[in-house]
Amino acid sequence: MIFRQLFDQVSGTYSYLLASRNGGEALIIDPVLEKIDRYLQLVRELDLKLVKAVDTHLHADHITGLGALRDETHCITVMGEQTKADVVSMRLGDGDKLTIEGLALDAIYTPGHTDDSYSFVMADRVFTGDTLLIRGTGRTDFQNGDPRAQYESIFGRLLKLPEATLVYPAHDYKGDTVSTIGEEKAFNPRLQVKSIEEYVELMNNLKLSNPKMIDIAVPANMKVGLHQEEIARRGWAVTPQQALGLIGKPKITLIDLREKSERQRHGTIPGSLHVPYSSLQENIATGAMLHELAKSTGKRLLFYCAFGERSAMAVQAAQDARLSSACHLQGGLAAWKAAGGPIEQ
Ligand SMILES: [Fe+2]
C-alpha cells in the first residue's frame, strides 16, 4: 500500500494520500487548498490516478482542496451526508464504504466536533478527522458541535476499535504524527473522565478563541460545487421535469454514473445503464461501448449521478470525445426524486 501523511504548517493539518499500488487509483483525505500543487506533483511522481478527494468534516481553519482537486483531476469529491457544503459528488452515510481500486475504508459517523464529522477505518488504522486527536479531542463549541455526541462517537465507536489500531488525526499542533487507540485510551487527558457529564463539563469550559480562518474558511468550504449552470448554458443540461418527458422514449439512453452501493441505497431511475464514473473514460473513447451506442443508434446519452456533479463532468468528457448529443440530469437523482420521478429499488 502507498500511504503518505502530508502536513500543512499554516493550519497544522494532516492530509493523507492512499493507494494500493503504483500506477493505480488514489484517494486523498482532508486536502488543503494551498498545498494542492504539492499533492498533484506527488500523485504524478508515484504514477497515481487521483479518483477521490474526501473531507472528514467541514473545516473551519483552512480552505479545503476538494474543489480545486476536482477541477484539476476530475476526481469525485466526497463528504458525509450531513454536510452543509453545497454540492459534493458523493455523500456517504454511516456504514458506507469509501472505495478505490484495491482499498476499502469503512465510513463511520462520528459527530461532536461538527455535526458532519466522519472517521474512516481500515484494517490497521483509522482516520479520525478532528473527532479524536493525539492527546486531545476536537473542540465542540461551534459548527453545531456537541460534547455529548462527541463522547458517544469516541467512547461508543472509536475506542471500541482494537487497541493496536493506528490513529491518524486531521491535525496536530505539537508535532505528533500517529498514535494508537490503546495509547489514547490510556493517556489522552480528555478521555480520563468517569462520565459523559464530566466530559461535557470539560469541553464546555475550554474557553478557546475562534480559529483565525473561521470567517473565511467556513463559507468557502460550503461552496465546493461545480458550476452546473455553465453546463446548462452550453445546452447540455436536462431538468428533472424535462427528463420525466423523455423517460421510455426510444431516442434516449439513461446512464447512471454512481457506484453500486449508492444504487442499492438510493435506488435507480428505471431503465438506466450502469457505467460508474470511474470507468467513464474507457467507455466513451472511440470504439468503446457508450461511444458506439451513441454513434450507431443515434441515441442521446443522458448521464445522471447523485447531485449532478459527476454527470456534469461526464458531459464535458463525452463532448470532448465528440459525443455531441450527451447531456446530463441537472441536480442528479436528488432533484429527480424532488420532482416526483419514479425510482426502482
Ligand atoms: Fe475541524
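**Entry 1: a strand residue**

I began with I108, which is buried, with a relative accessible area of 11%. I could call I108 buried because the cut-off for that word is under 20% relative accessible area. I then looked up where I108 sits, and found I108 in strand 8, which covers residues 103-109. Next I asked how far I108 and S119 are from each other in sequence and in space. I108 and S119 are eleven residues apart in sequence, and from C-alpha to C-alpha they are 5.3 Å apart in space. I also noted for myself that what I am reading is a predicted model.

**Entry 2: the iron ion**

I turned to the metal and asked which residues are the protein donors of the iron ion. The donors are H57 through NE2, H113 through NE2 and D130 through OD, and they lie 2.0 to 2.3 Å from the iron ion. Written along the sequence, the spacing of these donor residues is H-x55-H-x16-D. I placed H57 in the loop between strand 4 (49-54) and helix 2 (66-73), and D130 in the loop between strand 10 (125-129) and strand 11 (132-133), so this pair ties together parts that are 73 residues apart in sequence. I then checked H57 and D130 for accessibility, and both are buried.

**Entry 3: aromatic rings**

How many aromatic pairs does the structure hold? I found eleven aromatic pairs. One of them joins F3 and Y168, whose ring centres are 4.8 Å apart and whose planes stand at 55 degrees, so I wrote this pair down as tilted. This pair links distant parts of the chain, since F3 belongs to strand 1 (residues 2-8) and Y168 to strand 13 (residues 166-169), 165 residues apart. Both F3 and Y168 are buried.

I looked at a further pair, Y151 with Y199, which is also tilted, with 5.8 Å from centre to centre and 55 degrees between the planes. Here too distant parts of the chain are linked, with Y151 in helix 3 (residues 147-157) and Y199 in helix 5 (residues 196-203), 48 residues apart. Y151 is buried with a relative accessible area of 15%, and Y199 is buried with a relative accessible area of 0%.

Going back to F3, I saw that F3, F7, Y14, Y16, F127 and Y168 form one aromatic cluster. I also found that R125 lies over the face of F3, at 4.5 Å from the ring centre. Elsewhere in my list, R91 lies over the face of F307, at 4.9 Å from the ring centre.

I looked up the largest pocket, which holds about 750 Å³ of space. It is lined by 40 residues, and the closest to its centre are R70, H74, C75, Y277 and M313. Several elements give two or more residues to this lining, namely strand 4, helix 2, strand 7 (97-100), helix 7 (228-233), helix 10 (280-284) and helix 12 (309-320). By class, the lining of the largest pocket divides into 18 nonpolar, eleven polar and eleven charged residues.

For the second largest pocket I noted about 630 Å³ of space. Which residues lie nearest the centre of the second largest pocket? They are D61, R139, H171, Y173 and P211, out of the 29 residues that line it. The lining of the second largest pocket has nine nonpolar, twelve polar and eight charged residues.

**Entry 4: loop residues**

I looked next at backbone angles, and found that D30 has a positive phi of about 55 degrees although D30 is not a glycine. D30 is placed in the loop between strand 3 (25-29) and helix 1 (36-45). Is D30 buried or exposed? At 1% relative accessibility, D30 counts as buried.

D47 also went into my notes, with a phi near 55 degrees, a positive value in a residue other than glycine. I found D47 in the loop between helix 1 and strand 4, and at 51% relative accessibility D47 counts as exposed. I was careful with this value, because exposed begins over 50%.

My last stop was K207, in the loop between helix 5 and helix 6 (214-221). At 71% relative accessibility, K207 counts as exposed. K207 and V88 are 119 residues apart in sequence, and 33 Å apart in space from C-alpha to C-alpha.

Technical notes. Residues numbered from 1 in each chain as written. Predicted model: local features only at pLDDT ≥ 70, side-chain atom pairs only at ≥ 80, totals over all residues. Heavy atoms only, no water. Donors = N, O, S within 2.8 Å, 3.2 Å for Na, K, Ca; no water. Helix = DSSP H or I, 4+ residues; strand = E, 2+ residues; numbered from the N terminus. Buried < 20%, exposed > 50% of the residue type's maximum accessible area, 1.4 Å probe, protein only. Phe/Tyr/Trp six-rings, centres within 6.5 Å; stacked < 30°, edge-to-face > 60°. Lys NZ or Arg CZ within 6 Å of the ring centre and 35° of its normal. 1 Å grid on protein atoms, 1.4 Å probe; cavity = no way out; pocket = protein on both sides within 12 Å on 5 of 7 lines; lining within 4 Å. Points joined across faces, edges and corners; volume = space filled by probe spheres on them. Nonpolar A, V, L, I, M, F, W, Y, C, P; charged D, E, K, R; others polar.
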